[in-house]
Amino acid sequence: LLFDECSTYIEKHHLTLAFEVVSSVLGHHGALPRCDYLVLTAVANRNRGTAGAATTTFWSATDVVHRLARRFLLPHNDVWIFHDRS
């Protein structure tokens with residue numbers, strides 16, 4: 001299952017994911033969705049540094065899309081990066 005693969009990947013790589021809830025009933029920025037859904041907005045890497053100290057770095061928007069969102073089919077906040085008008 002894709003869910004299990006995603007969960008294993010997140011745990012193995014010590015990642016923290018941030019999501020925004022897009023609500024079908026509270027406020028909107030255009031068309032309202034038919035149902036609520038989550039949008040991936042950020043990924044933090046919580047790996048240990050070379051001295052063993054915990055370090056946190058945030059992925060770039062491009063990394064979020066290429067390394068995680070596309071791989072595990074997660075809706076992401078940066079669809080404009082790959083917008084195609086055709």
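Buried means under 20% relative accessible area, exposed over 50%, and partly exposed in between. I want that cut-off at hand for His14, which comes out partly exposed at a relative accessible area of 38%. A reminder to myself: this is a predicted model.

I looked up the backbone angles while I was at it. His14 has a positive phi of about 55° and is not a glycine. Most residues other than glycine have a negative phi, so I made a note of it. Where does His14 sit? I find His14 in the loop between helix 1 and strand 1.

Leu73 also went on the list, with a positive phi of about 55° and, again, no glycine. Its place is in the segment after helix 2. Buried or exposed, this Leu73? I get 66% relative accessibility, so Leu73 counts as exposed.

**Overall layout**

Next I stepped back to the whole chain. I count two helices and three strands, and along the sequence they follow the pattern α-β-β-β-α. Of the 86 residues, 26% count as buried. The accessible surface comes to about 6500 Å², and carbon and sulfur atoms account for 56% of that. I also checked contacts between residues at least 6 apart in sequence: 42% of them join residues at least 24 apart.

In what order do the three strands lie? I read 1-2-3, in an open sheet with antiparallel pairing. Strand 1 (15-22) and strand 3 (57-58) stand at the edges with a single partner strand each, so one side of each has no neighbour in the sheet. Helix 2 (residues 61-72) packs on this sheet and touches strand 1 and strand 2. I noted an angle of about 115° between the direction of helix 2 and that of strand 2.

Then I went through the bridges. Strand 1 and strand 2 run antiparallel and are joined by eight bridges. One pair I looked up here is Leu17, whose bridge partner in strand 2 is Val43. How many bridges join strand 2 (residues 37-45) to strand 3? I find two, again antiparallel. Asn45 has Thr57 of strand 3 as its bridge partner, and Ala44 stands opposite Phe58 in strand 3.

**The core**

The largest nonpolar core has 13 residues. Those with the most contacts inside it are Leu15, Leu17, Leu40, Val43, Trp59, Leu68 and Leu74. Helix 2 gives the largest share, four residues.

Setting aside neighbours within four places in sequence, I see Leu15 in contact with Tyr9, Ile10, Val43, Ala44, Asn45, Arg46 and Trp59. Val43 and Trp59 are also on the list of core residues with the most contacts.

**Cysteines**

Last, I looked for disulfides. A disulfide is a covalent bond between the sulfur atoms of two cysteines. How many are there here? My count comes to zero. I still checked how two cysteines are placed. Cys6 has a relative accessible area of 10%, so I put it down as buried. Cys35 reaches 48% relative accessibility, so I logged it as partly exposed.

Methods. Residues are numbered from 1 along each chain as its sequence is written. This is a predicted model: local features need pLDDT of at least 70, side-chain atom pairs count only at pLDDT 80 or more; totals for chains, interfaces and linings use all residues. Side-chain values use heavy atoms; hydrogens and water are left out. Buried means under 20% relative accessible area, exposed over 50%, partly exposed in between (1.4 Å probe, protein chains only). Contact means heavy atoms within 4.5 Å. Accessible areas come from the Shrake-Rupley method with a 1.4 Å probe; for residues, only the protein chains shown count as cover. Two strands pair if DSSP finds at least two bridges between them. Axes are lines fitted to C-alpha atoms, for helices over the stretch in contact, and angles run from 0 to 180 degrees between N-to-C directions. A disulfide is a pair of cysteine sulfur atoms within 2.5 Å. A nonpolar core is a set of buried Ala, Val, Leu, Ile, Met, Phe, Trp, Tyr and Cys residues joined through side-chain atoms within 4.5 Å.
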